[in-house]
Amino acid sequence: MHEMALTRDVVDIVLEEAEAAGATEVRAVYLTIGYVRDIVEDLFEQCFAYMARGTIAEHAELVLTRVPLTVRCNACGRVFHLDVHDNSTWVCAACGERSYQLETGMEFFVNGLEVKKEDAHE
């Protein structure tokens, strides 16, 4: 269950950044996660709720943006979607090549936070 380790990192980042911003509450956490990361969203959200309890991020909403798996053809440079469950997508539609490099899908980062500050400015 790698969700637990990834969630711990996210909670640490959120609390550190919120503290640096002088926040009294974290209302939302914006994340970008590539599909190759194979995150079970419900489990990730449950882990976050568990690890954030008792902190200023306890009631924060997680807003996830998922990024599909795309690859760049080594022969012609075309970027295309690859579905690991559908081998018809494993070939470049432009040139028929099966040699490519990962373009997107491995992302995992915190894009931003929505916080409440003591002086009510957000």
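Predicted model: local features only at pLDDT ≥ 70, side-chain atom pairs only at ≥ 80, totals over all residues.
**Entry 1: two helices**

I began with the helices and noted that α1 and α2 cross in a right-handed way.

Which residues make the contact between α1 and α2? From α1 I listed E3, M4, L6, T7, R8, V10 and V11. From α2 I listed L43, F44, C47, F48 and M51.

Next I looked up how the pair is described. Two packed helices are characterised by the angle between their axes and by the distance between those axes. I found that helix α1 covers residues 2–20 and helix α2 covers residues 41–52. Their axes come within 9 Å and cross at roughly 50°.

**Entry 2: a parallel pair**

I moved on to the strands. A reminder to myself: strands of a sheet pair through backbone hydrogen bonds, and the pairing can be parallel or antiparallel.

Do β1 and β2 run parallel or antiparallel? I found that strand β1 (residues 23–34) and strand β2 (residues 61–67) pair in the parallel sense, over seven bridges. To find my place in this pair I used L31, which stands opposite L64 in β2.

Helix α2 came up again here. Together, β1, α2 and β2 make a right-handed β-α-β unit.

**Entry 3: an open sheet**

Then I turned to β3, β4 and β5. In what order do these three strands lie in their open sheet? I wrote down β4-β3-β5, with antiparallel pairing. The edge strands are β4 (79–81) and β5 (100–104), and each of them pairs on one side only. From one strand to the next, the twist averages 40°.

I followed strand β3, residues 70–73, to its partners. With β5 it pairs in the antiparallel sense over four bridges, and R72 stands opposite Q101 in β5. How many bridges join β3 to β4? I noted three, and these two strands run antiparallel. On that side, T70 has H81 in β4 as its bridge partner.

**Entry 4: the hairpin**

Last, I looked at the turn from β3 to β4. This hairpin has five residues between the strands. Which residue takes a positive phi there? I found G77, with a phi near 85°.

Terms used:
Residues numbered from 1 in each chain as written. Heavy atoms only, no water. Pairing = 2+ DSSP bridges. Axes fitted to C-alpha atoms, helices over the stretch in contact; angles between N-to-C directions. Left-handed = near helix turned anticlockwise from the far one by under 90°. Contact = heavy atoms within 4.5 Å. Right-handed = clockwise from strand over helix to strand, strands pointing away.
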